[in-house]
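Hi,

Here is the structure I promised to pass on. Have a look at it first, and then read my notes below.

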Amino acid sequence: MIKAIFLIQAEDKKGLLASTVDFFYSKGFNILHCQQHTDSYERRFFMRIELDASDMKTTRKALEDEFRALADDLGLDWSLHWSDYRMRVAILVSKTSHCLYDLISRQLEGELQCEIPLIISNHPDMEKVANQFRIPYYYFPVGDDKAKQEGKIRDLLKRFDIDLVVLARYMQILSPEFTDEWKGKIINIHHAFLPAFQGANPYLRAYNRGVKMIGATAHYASEDLDQGPIIEQDVVRVNHELTPTGLKEVGKDCERRVLASAVKAHLEHRIIIYSNKTIVFSVER
């Protein structure tokens, strides 16, 4: 089945849901799934609607043009996505492999519906992982010219027609120019100790403070470090019996799950960004 997926947001007002649903009914579409949310505090309306487009009576461009006329009339911000297109994902990684292995395995098993045409790193360490799965690996050390190194990455992303960049523990700060160019298309993962334990070896410092929870946060990257719209978070309770190594292992498992969940939501077009936060619609059962 081919599906057309609309993500819609607008200033809340009467009739938005009815007008939108009536439009698709008038075009002969079967609505497979419809979710909406109204933020009463922001007075903002959000909607995700999924249509059966298998026997569509018009062209994709015609549907887009006709809906644009309705959207202009109602003041809708919207985007249209097609289920038969597999996004092309670039994974950026440094020296740790847990998130990299997890993303590749989920993609191979069909949980993440995407293509992974390349892996990029600022270290050579993860080339062995790329070779195992026959994924091209590009090693660009930072050196003294970080802007030049980042320029090579940006050129690769364009050459490979990348749709989404996943920072799978890529331990470099991206420039504002990079994050602005790829706004809403870069997903990052980090431990949830921030801002308390910044920098190197946070798990040792967390151990020394006797933390009772380990967590992870996945978010869209922005110009402000680790301050972009949050997509997914999770925590695991821990106790005094765990060593710093034990805490780190718990944290790695949490990072894997949270990052995969965030990437999956993006690939399934279940996220709407508004201001500096996200509306993440639930998984379809």
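In what order do the 7 strands of the open sheet come? The order is E7-E6-E5-E8-E9-E10-E11, and the pairing is mixed. (Helices, H or I with at least four residues, and strands, E with at least two, are DSSP runs numbered from the N terminus; two strands pair if DSSP finds at least two bridges between them.) At the edges stand E7 (137-139) and E11 (230-237), each with a single partner strand, so one side of each has no neighbour in the sheet. On average, neighbouring strands here are turned by 20° against each other, direction ignored.

Before I go on, the housekeeping: this is a predicted model, where local features need pLDDT of at least 70 and side-chain atom pairs count only at pLDDT 80 or more, while totals for chains, interfaces and linings use all residues. Residues are numbered from 1 along each chain as its sequence is written, and side-chain values use heavy atoms, with hydrogens and water left out.

Back to the sheet: E10 (residues 213-220) and E11 run antiparallel and are joined by 7 bridges, with His-219 opposite Ile-230 in E11. Helix H3 (residues 98-108) lies across E5 (87-93), E6 (114-121), E8 (164-167) and E9 (186-191), and runs at about 160° to E6. (Axes are lines fitted to C-alpha atoms, for helices over the stretch in contact, and angles run from 0 to 180 degrees between N-to-C directions; contact means heavy atoms within 4.5 Å.)

Then there's the hairpin. E12 (residues 271-274) and E13 (residues 277-280) pair antiparallel over 4 bridges, and Ile-273 sits opposite Thr-278. The hairpin has 2 residues between its strands, and Ser-275 in the turn has a positive phi of about 60°.

Which residues does Glu-255 touch? Leaving out residues up to four places away in sequence, they are His-98, Cys-99, Arg-169, Ile-189, His-191, Tyr-203 and Ala-216. Glu-255 belongs to helix H8 (residues 244-267), and it counts as buried because its relative accessibility is 2% (buried means under 20% relative accessible area, with a 1.4 Å probe and protein chains only).

Cheers

Key
Buried < 20%, exposed > 50% of the residue type's maximum accessible area, 1.4 Å probe, protein only.
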